[in-house]
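Q: I would like to learn how to read a protein model. Can we go through it feature by feature?

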Amino acid sequence: MAAFEFLALDEQGRQRKGVLEADSSRQARQLLRERQLVPLDVKPTTTRAAHKPSLFSRGLSAAELALVTRQLATLIQASLPVEEALRAAAAQSKERRIKSILLAIRSRVLEGHGLAASLAEYRSSFPDLFRATVAAGEHAGHLGTVLEQLADYTEQQQASRQRIQMALIYPSILICVSILIIGFLLGSVVPDIVKVFVNTKQELPWLTQALLCSSEAVRKYGVLTVLSLLLLFLGGRSLLKKEKVKHEFHGLMLKLPLVGSLIRAVNTARFASTLSILSRSGVPLVEALAIAAEVIGNVRIRGRVIQASQKVREGGSLTRALEATEEFPPMMMHMIASGERSGDLDGMLARSALNQENDLKTKFTMLVGLFEPFMLIFMGGVVLLIVLAILQPILSLNQLVG
């Protein structure tokens, strides 16, 4: 059976879209007529979106992938065949796009392909980590257990991603609001107030003169400054597409006092979690290192991890190879070394991944906790300077009148 996307009219003349399974487009049209639908367009689902993703055709999001993985793991552990599990997961989904993907994968499975090979048709939805883990589960004969572990991993990564996003939302909003308030005060409120003192022809204090200059700059060049920053941001993004520039920029970010340690913590935690799930699923260590290196966002750290995987391929130990990168924390190195000595590398990798996640959570909580009072102090200081710049001419005028 193959999956077909259809466009049809119901009895009220409304258009209906969906996905169904049939042996041919002719049978698909017949099935639609049996449902009291008039078929307008019936076409087989394709995997073109997997190879050439566009703005209007996207794969599965992280949340959708976590949900689909959990459903497949539950169904396969309930002793359902893979094709039936895919069909049930497709029927459970309300999104036509997800249903189309799952039914197309089911068609490939019915043709005799393995699940991992069928998932390869949708690389934009199922990354290398996901497919390699599924392939290892199929090879070992423990697909249900491996999918259960993969579902836990996917949900943990989604929760971690959401936690980081939520931690960054509040500071971002606070910075934007602060800039808007300061810009409004300097551009609209301050000039009208200080204009009174300018007309008196008295000598203004240096703080008031500085405030007037800042206000004039905001009024004249505020829009131009915003446009320049926007162009600079877009130009920087285009420059970062060049590998050499990106490599230098990522190396510079690692050298920054606070940002560098945070970037290193995020990437090492992601690497440890990925290597842990791959190792527990039966993926060979050398292959697992190569796949886990791809999830590292910083290209400088990624390059060093790839060099470490090459040393492991040549027969070196994992601990020494990772220590040579000088990117991983000592606690993680001690745990991996202990796992290699005791023969429990999988368990120690899982523990080190959990330790890294907890450490990262603590760092983000601390940073967000420090950022709020810092921004309040900054905003209070700016408002205090504006108030002092306005009050000083008033006090000077009162002394002259007195």
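Q: In which loop does E326 lie?
A: Start with the ground rules. This is a predicted model, where local features need pLDDT of at least 70, side-chain atom pairs count only at pLDDT 80 or more, and totals for chains, interfaces and linings use all residues. Residues are numbered from 1 along each chain as its sequence is written, and side-chain values use heavy atoms, with hydrogens and water left out. Helices (H or I, at least four residues) and strands (E, at least two) are DSSP runs, numbered from the N terminus. E326 lies in the loop between α14 (318–323) and α15 (330–342).

Q: Is S79 buried or exposed?
A: Learn the cut-offs: buried means under 20% relative accessible area, exposed over 50%, and partly exposed in between (1.4 Å probe, protein chains only). S79 has a relative accessible area of 66%, so it is exposed. E326 is exposed too, at 68%.

Q: What would a partly exposed residue be like, say E138?
A: E138 has 31% relative accessibility, so it counts as partly exposed. It is found in helix α7 (residues 128–140). Contact means heavy atoms within 4.5 Å. Not counting residues up to four places away in sequence, E138 touches G114, L115, A116 and L143. Now take H250: E138 and H250 are 112 residues apart in sequence and 38 Å apart in space, C-alpha to C-alpha.

Q: Is Q356 buried or exposed?
A: Q356 has a relative accessible area of 6%, so it is buried. It lies in helix α16 (residues 345–401). Leaving aside neighbours within four places in sequence, Q356 is in contact with A265, T268, A269, P329 and M332.

Q: How many residues does the largest nonpolar core have?
A: In soluble globular proteins, nonpolar side chains tend to be buried together. A nonpolar core is a set of buried Ala, Val, Leu, Ile, Met, Phe, Trp, Tyr and Cys residues joined through side-chain atoms within 4.5 Å. The largest one here has 59 residues, and I105, F126, V134 and F271 have the most contacts inside it. Helix α5 (residues 96–110) gives the most to this core, with 7 residues. A second, separate core has 10 residues, including L211, M379, V382 and A389.

Q: Which residues is F126 in contact with?
A: Set aside neighbours within four places in sequence. F126 is then in contact with L60, L65, I101, I105, L119 and R131. Among the buried residues of α5 are I101 and I105.

Q: What span should α5 have?
A: The expected span of a helix is 1.5 Å times one less than its number of residues. For the 15 residues of α5 that gives 21 Å, and its end C-alpha atoms are 21 Å apart, so the two agree. G112 follows α5 and has a positive phi, near 110°. Now try helix α11 (residues 257–280). It has 24 residues and reaches 35 Å from its first C-alpha to its last, close to the expected 34 Å. Just after α11, G282 takes a positive phi of about 95°.

Q: At what angle do α10 and α11 cross?
A: Axes are lines fitted to C-alpha atoms, for helices over the stretch in contact, and angles run from 0 to 180 degrees between N-to-C directions. The axes of helix α10 (residues 243–255) and α11 come within 5 Å and cross at roughly 110°. Angles under 35 degrees count as roughly parallel, over 145 as roughly antiparallel, 65 to 115 as roughly perpendicular and the rest as oblique. So α10 and α11 are roughly perpendicular to each other. M253, L254 and K255 of α10 make the contact with P257, V259, G260, I263 and R264 of α11.

Q: How do α3 and α4 cross?
A: The axes of helix α3 (residues 62–77) and helix α4 (residues 82–92) come within 9 Å and cross at roughly 135°. Therefore α3 is oblique to α4. Among the residues that meet are L72 and L75 in α3, and A85 and L86 in α4.
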